[in-house]
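Reader: I am new to protein models. Could you show me how to read a few features, one at a time?

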Amino acid sequence: MQKNKVLLKFIFLLLFVFIIGGVFTALEQLKFFENDMIINSNEIEIFNKQSFPSFLTVSLEDSIVESSSSSQKDFYPSSIDLNLFGFFKIKTVDVNVANTDLILCGNTIGVYLENNGVTIVGFGGVKNGDNIIYPFENTKIKVGDVIKSINNTKVYSTKDIDNILENKNYKGEQLSIQYESGSKLFTENFYPVYDTSSKSYKLGLWIRENATGIGTLTYITDHNNRFGALGHGITENGQKTPMQVSGGSLHDCEVLGLNKGKRGDPGEIKAVFVAGNKEEGVIDKNNEYGVFGTVKDNTFLKNGKKMEIGGRLSAKPGKAYIYCQLDDDSIKAYEIEIIKTNYQTRSAQKSMVLRVTDKNLLQKTGGIIQGMSGSPIVQDGKIIGAVTHVFVNDPTKGFGLYLDWMLNQ
């Protein structure tokens, strides 16, 4: 009898630990879900099969979608119920269900960005008689800052600045400059210096009006030719935040060769393009998740294969593939291993840790190299993300970004 009581207590203890463990497991999984997240309808089934026993189960509510082709959108709104042990509903989340396929890309592309302002790349002295004067010597303005306006007049080019300084009514009065440093706006008052050699007023600044870069095209939406590329924004002169843009263009480019990556040197794809030539699309956004815009058509694509969207629920540790163009002829798939997927309920980079396992890719590049940013990541027949960064001390490893964060842009 005593043995039976001990056994019964032991069984109840195990049951209690099981239930408590289940609750904590469910709570851990629960934080992965947030309102307005993007899902593929079959990801619900995948999620429910991923763990055994299934402490947290998910059910997708039925939704009504217009059947007219003119109403086609990337996503349609719905909701999912999160249930503890399959019976107790603990949360309902509004979601966006993928309603279109993507065109899998992998093209090496050239990006030309027009700055929303002008970027300071250096300072110079202005000759005034026998003196060399530096107008910004005692100000807080530094290399990498972006001039937005002078005396409330927007500035986008050196021509805009010249129009202010060479105006016949301007006689060297103090000017007010608005500039962006980091992500904050500042105002500084200063006096231009009269250059006695050119007989005109000068700021003593070296500036850049635009930026260019090489990367990889990730996807194009099937029905409206909207594209995403790079997986991270283009920055200027060591700035941490992507440069603001007033526009830009996407270009097909010629791959010339490769610099193989090694420890301490990430290597690069060597490619060229000419702004104004082979313009394949327009850019309207540059942010921390990539470069975005619309392509004119799909004729320049070297892949063009349609594929399902895979959200965060699809990405998991294990075998996957990246698609990229390492010569001027074709795009190939290369095997990788997803080492780790991070829970991210809000947009953030470094969603996944990757390792290149493909022998051909390791032989060609040593791993991930510059220019491969944006290479689409495919797992189980779905596009789940894009390559974003390489580990400088180990080019065989890098980070990937969940596709959710790109599609939300």
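Author: Let's start with aromatic rings. This is a predicted model. The structure holds 5 aromatic pairs.

Reader: How are the rings of Tyr 194 and Tyr 201 arranged?

Author: First, the general idea. Two numbers describe a pair of aromatic rings: the distance of the centres and the angle of the planes. Now the case here. The ring centres of Tyr 194 and Tyr 201 are 5.1 Å apart, and the planes stand at 70 degrees. Planes over 60 degrees apart count as edge-to-face, so this pair of Tyr 194 and Tyr 201 is edge-to-face.

Reader: Which residues do ring pairs link into a cluster?

Author: Tyr 170, Tyr 194 and Tyr 201.

Reader: Now strands. Which way do strand 27 and strand 28 run?

Author: A general point comes before the case. In a regular strand, side chains alternate between the two faces of the sheet. Here, strand 27 (residues 382–391) and strand 28 run antiparallel, joined by 6 bridges. They form a hairpin, with 2 residues between them. Val 390 has Gly 398 in strand 28 as its bridge partner.

Reader: How many bridges pair strand 25 with strand 28?

Author: Strand 25 (residues 352–356) and strand 28 (residues 394–402) pair over 4 bridges, in the antiparallel sense. Val 353 stands opposite Phe 399 of strand 28.

Reader: How many helices and strands does the protein chain have?

Author: The protein chain has 5 helices and 28 strands. Of its 409 residues, 47% are buried.

Conventions: Residues numbered from 1 in each chain as written. Predicted model: local features only at pLDDT ≥ 70, side-chain atom pairs only at ≥ 80, totals over all residues. Heavy atoms only, no water. Phe/Tyr/Trp six-rings, centres within 6.5 Å; stacked < 30°, edge-to-face > 60°. Pairing = 2+ DSSP bridges. Buried < 20%, exposed > 50% of the residue type's maximum accessible area, 1.4 Å probe, protein only.
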